[in-house]
Amino acid sequence: MRTDLAQPVRLADYRVPDYLIDTVDLDVSLARTATRVVSRLAIRPNPLGRPGVPLVLDGEDLVAKRLVLDGKKLAASAHRVTPDGFTLLKPPETPFVLEIETEIDPTANLRLMGLYRSGSAYCTQCEAEGFRRITYFLDRPDVLSVYTVRIEADRADAAILLSNGNPRKAGTIAGTDRHFAVWHDPHPKPSYLFALVGGNLGSIHDTFTTESGRAVALGIYVEPGKEDRAHYAMDALKRSMRWDETAFGREYDLDVFNIVAVSDFNMGAMENKGLNVFNDKYVLASPETATDGDYAGIETVIAHEYFHNWTGNRVTCRDWFQLCLKEGLTVFRDHEFSADMRSRAVRRIADVRTLRAQQFAEDAGPLAHNVRPDTYREINNFYTATIYEKGAEVIRMLKVLIGDDAFRRGMDLYFERCDGTATTIEVFLSMFEEAAGRDLAQFARWYHQAGTPKLHVILDFDDAKGELLIELEQTCPVTPGQNHKEPFVVPIAFGLLGSDGSALPLQPVDGCLSEDEAARGLIILDERRRALRFGGLTERPVTSFLRGFSAPVRLDAEADDEQLAVQMAFDPDSFNRWQASQTFAVGLLLVSIAGIRSGRAPYYDAAYDQAMQKVLDDAEQDPAFAALVLSLPGEADMAREVGHDVDPGAIHVAREALKAKLGEALGDSLLSLYHKLEDKTPYSPDAAAAGRRSLRNAALDLYAAGNRLKGNVLAQAQFAAAANMTDKLAALSVLAQTPGTARDKALKAFYESYKQDALVIDKWFALQAMQPDAGTLDHIRALMEHPAFSIKNPNRVRSLIGAFAAGNPTQFNAADGSGFAFVAQTVIELDRINAQVAARLLAAFKSWRSLEPARRDLALQALQSVANTPGLSADTADIASRSLA
Ligand code: B3K
Ligand code: ZN
C-alpha cells in the first residue's frame, strides 16, 4: 500500500505511451484467496513514442509468479519486478508477446479496487487504477486493447462467469467440477473498463431490439432471491437504450448487455463495457423496501451507466485530467433523460439543489478545483461534484449558447470523428466550434477556472422615461492557486413581469441586446460588466434572471417581498417560481440568524406565509413542484448563504423556528391537503403518483413542525398503515424529530420489520444519524457496535457515518468539537481498510474554513489529527493536506 503524499501528476507532463498493447488475453482461475491470473499481452512500440525506452507496467500489491517474453522465460537481468511495477529493460523493437502470471487474494482485498469478494461473488472495480491490482499493465486510459477473457472456477463456487463483450465459449473441464467461460470484447478499450464477475447469482432476462433491428440479450444478476426487485431496473435500462437512439442517435453495439448488483461497492455503479457492475442500492427496488427517491435514483444511475457506452467507452478520455469529458457529459445526458421521463421543471429544481448543496460548497472551500483539473495526487479524489455536476452544467450552457441544432450537430461530429479514440476537452469543444461556426476559446474558461461566479445586478427604474436600467457585473472568488479570473461567458435567461404577473415584452433601448438575444430572452454576459436598458414600461417591472438556472452562478439581485411574491405566483418559468420562494425564505432566515446571534428571538414576516398560502391553493395542479416549494432551504444552504463565520447552531434554531411558524400559519390548509391526497390505489413508482406522495409527506412534515402533537398522531397512524416505504419512512422521519419513547418505539418497530434487508436498515441508520438532538453522537457510537453495521461495507459507512458528517450540520459541527473528532477518528480507522471511502468521508470537512472561529479551531485540530497520522493512504493524505492548505 502506498503511503502519505504521492508526487503530483501534471497535465502539462502528458506524453503519449511509448508502447501500445493491441490485444490482451486473460486467463483467470478464480479461487477465494489465491486467484491465478495469466495475462498475454501483444505489445508493440508506439510509432509516436520514444523508441527503445524500457517498458514500465503499473502494478499494485501484486505477486508475480511467471514472466515469459516471446515464449521464453524472462532472464532476471532483463527485468525488474516489485509488487508495484514491472520493467522490461530492453524491449524488442518489433511487436512482442509478454506473458505474466500473477496471484491475487480477492478475499483480503478490502479496498474494493481490483478483484474482490462481495457476499458470495467475485467482482472487479478497475476505474480509475484498479486493473493494476489484477495484473501488471499500462494502466492508463489512452492504451486501448481488444480483450479476450477466459474465466475458470469451481461450479459450486461460481456458477455464473461473466466478462465484457460477447460470450464466445463455455464448458466443463472434464473429470473435475470446474467449468469455464470465454468472453470476447471486439471494441478496443482502456483497462479501467475491464470487468469480471463470478458467483452464484439469481438473474432476470429480457431482449431489446435496436433501431436497426439487432436483438440484444439483457441480463440483470442479483443476490439469489432478490430477482423480483430487479424489474424496475430492467425497465429503466430498456427506456435508456431507446432514449439514446432517439435523443442522440446512439445504438447499442454488442449482442449482450449485463448488469450485476453487488452489496460491497465504493460508489454507485461502473460502466464497464457490456458488463455494468452496480451497488445493489441502484438496482434493487420493491414498493415495500424502496422509496420514490430510490426508484428515481435507480432510473438515473441505470441510464447514466448505459449512456457511458458512447460517452466514455466508445469515446474515452486521453488521461484522467479529462474525466469530465465523460462524466460531465454523461451526467448532462442522464439529466436530460430523467427530464424526458418525468417533469422537466421538477427535475431541474432537484438537479440544481444537488449542484448547490454539493458543488457550490466544494467550490467555495479548500477542495475547489477546475472542471478540468491540471494537477492531482490521487485521481480517485477527483470524482467530485465539480467534475460531475458542474461538468454537466457547462455542457448545458454550451447547448444554450449555440442552440439545440448546432449542439446536436456537434455531438454527431464528436461521435463520428472520435469513435474508438481517447480524447480531450479541446477536441470535444472543437467539434462544437465547427458545428456552430464560432470560437469557444472564452467559453473554455469554464473548464480552466474554479470557483462559483457571482452575478451582481443593480436595477434603476426611470419613471419619467418608463425605462429600466440593468447593470450586470460578474466576479469570481479566489480559489486555491487562482487569484485572478478572466470573465466567463454567462448565459442569462431573462424576462420581465408586470406587478399583476403579466409577462412583459422585452424592448431593448439603443440595440443594447442583439436581435437573437432579444428573441430568445437571453442576455449573454461575456465581459465583466454589461449595462442594458429596457423601455416601454408603465411601472417598475419585476425582473426574472437566470430562468431555468441558465448558468451555475450565484445571483445577487435586489428583490423585495412583493416582487418575490409576484414571481412565486406568476413567473412563467417554474424554476424561478421555486427560486423566488427560496429567495424569500433565505432573506427571512438571514435576518433571523443574525438576530439569534445577537440574542434576539427568531424573525418572521407574515408576507411569507401569504405567498406560501397561494402555492398551497394551487398545489394539486403540480404536486411534485409544490412539494419542492414547501421544503425550506436546508441548513447547509443557509450556511452557504451566510458564507463566513458560520454558526450552524444559530442556523438550526432559525430554520426550525421559521418552519414551525409556517406550519402553524398554514396548518388548516396543510391538514386538508394531507387528507385529500390520501391514495388507496396500489403503489406505482411513476412520477405523477410519486409527486402526490411527496406533496402529502411534505404537508405532513410542515404541519407537524407547527403542530407537533397533532402532527405526531398523524405520523403514528401513517407509520402503522403505510404499505410502501416512501410513506413509512416519511412518517418515521416526522416521529424521529421528537426524542422520547414514541420515537424509540417506532425505530424499534421499523428495525424489527426490515432487519433482513440491509438496504432498508441503511435508511434506519441514516435517519438516526441525522437527528439534531444532543444524544445523537453517543447513539451513533452504539450503532457502530450493532450487528447490522460493518465498517468494511461502504453502504453501511455512508449511511451511518456519512449521513452524520454530511446530513447533520448541528451535531457534526457541535460547539464542543465532538462531531469533528468522531469523524476524524473514524476516517483514521477506516483508512486502513478502505482508503477511498475514508478519503470521501474526510471531504465532509470541505467548508470548515467558513465556520465561526471557535468551531474553525476545533475542525482544524481534527483535520490535523488525521494529517499527522503515520502511514496514511495517499487518498486520505491528499484530502487532508488540501483541506489544510
Ligand atoms: N465511472 C464510475 C466512477 C468510478 C469511480 C472511481 N473511483 C461511475 C460513473 O461515474 O458512472
Ligand atoms: Zn459516470
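1. In the lining of the second largest pocket, strand S4 provides the largest share, namely four residues. This and everything below refers to a predicted model.

2. Strand S4 spans residues 55-58 and strand S1 spans residues 9-10, and each of these strands supplies at least two residues of the lining of the second largest pocket. The lining as a whole comprises 36 residues, and those that lie nearest the centre of the pocket are Val9, Asp58, Glu129, Arg132 and Arg140.

3. The volume of the second largest pocket comes to about 930 Å³. Sorted by class, its lining holds 19 nonpolar and 16 charged residues, together with one polar residue.

4. As for handedness, H4 and H13 cross in a left-handed sense. On the H4 side the contact is made by Val346, Ile349 and Arg353, while H13 contributes Ala624, Phe625 and Leu628. Taken by class, the residues of this contact between H4 and H13 comprise five nonpolar and one charged, with no polar residue among them.

Methods. Residues are numbered from 1 along each chain as its sequence is written. Chains are lettered from A and ligands numbered from 1 in the order in which they are written. This is a predicted model: local features need pLDDT of at least 70, side-chain atom pairs count only at pLDDT 80 or more; totals for chains, interfaces and linings use all residues. Side-chain values use heavy atoms; hydrogens and water are left out. A crossing is left-handed if the near helix is turned anticlockwise from the far one by less than a right angle, and right-handed if clockwise. Contact means heavy atoms within 4.5 Å. Ala, Val, Leu, Ile, Met, Phe, Trp, Tyr, Cys and Pro count as nonpolar, Asp, Glu, Lys and Arg as charged, and the others, Gly among them, as polar. On a 1 Å grid over the protein atoms alone, a cavity is a set of points where a 1.4 Å probe fits but cannot get out, and a pocket is an open set with protein on both sides within 12 Å along at least five of seven lines; lining residues have an atom within 4 Å of a point. Grid points are joined across faces, edges and corners, and a volume is the space filled by probe spheres set on the points.
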